[in-house]
Amino acid sequence: MNTHSTALAPNAPAPGWPDLADVDLLRTLVETERRRRRLDAAMRAAVAEAERRGLAADTGYRDTVDLLTDLLRISTHEARRRIEYAAPQPRSRSRKVWRVLAAAS
């Protein structure tokens with residue numbers, strides 16, 4: 001990558017997409033996805049912690065959905081989706097484990 005490229009500079013003005021070198025565009029795609037995943041993980045963790053603490057009730061909101069819709073200016077549907085996404089997911093046993101258990105009995 002060209003050392004003068006602004007493709008990965010987070011606060012740089014958006015480059016003209018047609019003028020961006022292919023390698024810089026590819027690196028921008030990868031870096032943007034990496035950042036998006038990190039931000040998604042941070043949001044999930046923050047929403048889960050707000051739920052765990054009962055932050056909505058402590059700050060005068062009816063529930064976390066109301067808190068998120070007001071605080072983040074998102075729809076009720078999106079707030080519910082984020083809360084559901086942040087909730088711990090039960091882990092299922094893999095098929096391999098089930099086969100081992102079945103073979104042992």
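Guide: Let us begin with a word we will need: a residue counts as buried when its relative accessible area is under 20%, and as exposed when that area is over 50%. Please keep in mind that this is a predicted model.

Visitor: What share of the 105 residues of the chain counts as buried?
Guide: The cut-off to apply is a relative accessible area under 20%. Across the 105 residues of the chain, the share that counts as buried is 18%.

Visitor: How many helices and how many strands are there in the chain?
Guide: Reading from the N terminus on, the elements run α-α-α-α-α. The count for the chain is therefore 0 strands and 5 helices.

Visitor: Which residues of helix 4 are buried, and on which side or sides do they lie?
Guide: Helix 4 covers residues 76-86, and its buried residues are Glu78, Ala79, Ile83 and Ala86. Around the axis they cover an arc of only 135 degrees, so they all lie on the same side of helix 4.

Visitor: Which residues are exposed on the other side of helix 4?
Guide: One of them is His77, which counts as exposed because its relative accessible area is 61%, and the cut-off is over 50%. The exposed residues on that other side are His77, Arg80 and Glu84.

Visitor: Is Thr76 buried, exposed or partly exposed?
Guide: Thr76 is found in helix 4. Buried would need a relative accessible area under 20% and exposed one over 50%. Because its relative accessibility is 36%, Thr76 counts as partly exposed.

Visitor: How far apart in space are Thr76 and Val65, C-alpha to C-alpha?
Guide: Not counting residues up to four places away in sequence, Thr76 touches Val65 and Thr69. Thr76 and Val65 are 11 residues apart in sequence, and in space their C-alpha atoms are apart by 6.4 Å.

Visitor: How are helix 1 and helix 4 oriented: roughly parallel, roughly antiparallel, oblique or roughly perpendicular?
Guide: Their axes are 8 Å apart, and the two helices pack at an angle of about 90 degrees. That angle makes helix 1, relative to helix 4, roughly perpendicular.

Visitor: How many residues of the contact of helix 1 with helix 4 are nonpolar?
Guide: From helix 1 come Met43, Arg44, Val47, Ala48 and Glu51, which meet Arg82, Ile83, Tyr85 and Ala86 in helix 4. Of the residues in this contact, 3 are charged, none are polar, and the number of nonpolar ones is 6.

Visitor: Which residue has a positive phi although it is not a glycine?
Guide: Most residues other than glycine have a negative phi. The loop between helix 3 and helix 4 holds Arg73, which counts as exposed because its relative accessibility is 66%. The residue with a positive phi, about 55 degrees, is Arg73.

Methods
Residues are numbered from 1 along each chain as its sequence is written. This is a predicted model: local features need pLDDT of at least 70, side-chain atom pairs count only at pLDDT 80 or more; totals for chains, interfaces and linings use all residues. Side-chain values use heavy atoms; hydrogens and water are left out. Buried means under 20% relative accessible area, exposed over 50%, partly exposed in between (1.4 Å probe, protein chains only). Helices (H or I, at least four residues) and strands (E, at least two) are DSSP runs, numbered from the N terminus. The arc is that of the directions from the helix axis to the C-beta atoms. Axes are lines fitted to C-alpha atoms, for helices over the stretch in contact, and angles run from 0 to 180 degrees between N-to-C directions. Angles under 35 degrees count as roughly parallel, over 145 as roughly antiparallel, 65 to 115 as roughly perpendicular and the rest as oblique. Contact means heavy atoms within 4.5 Å. Ala, Val, Leu, Ile, Met, Phe, Trp, Tyr, Cys and Pro count as nonpolar, Asp, Glu, Lys and Arg as charged, and the others, Gly among them, as polar.
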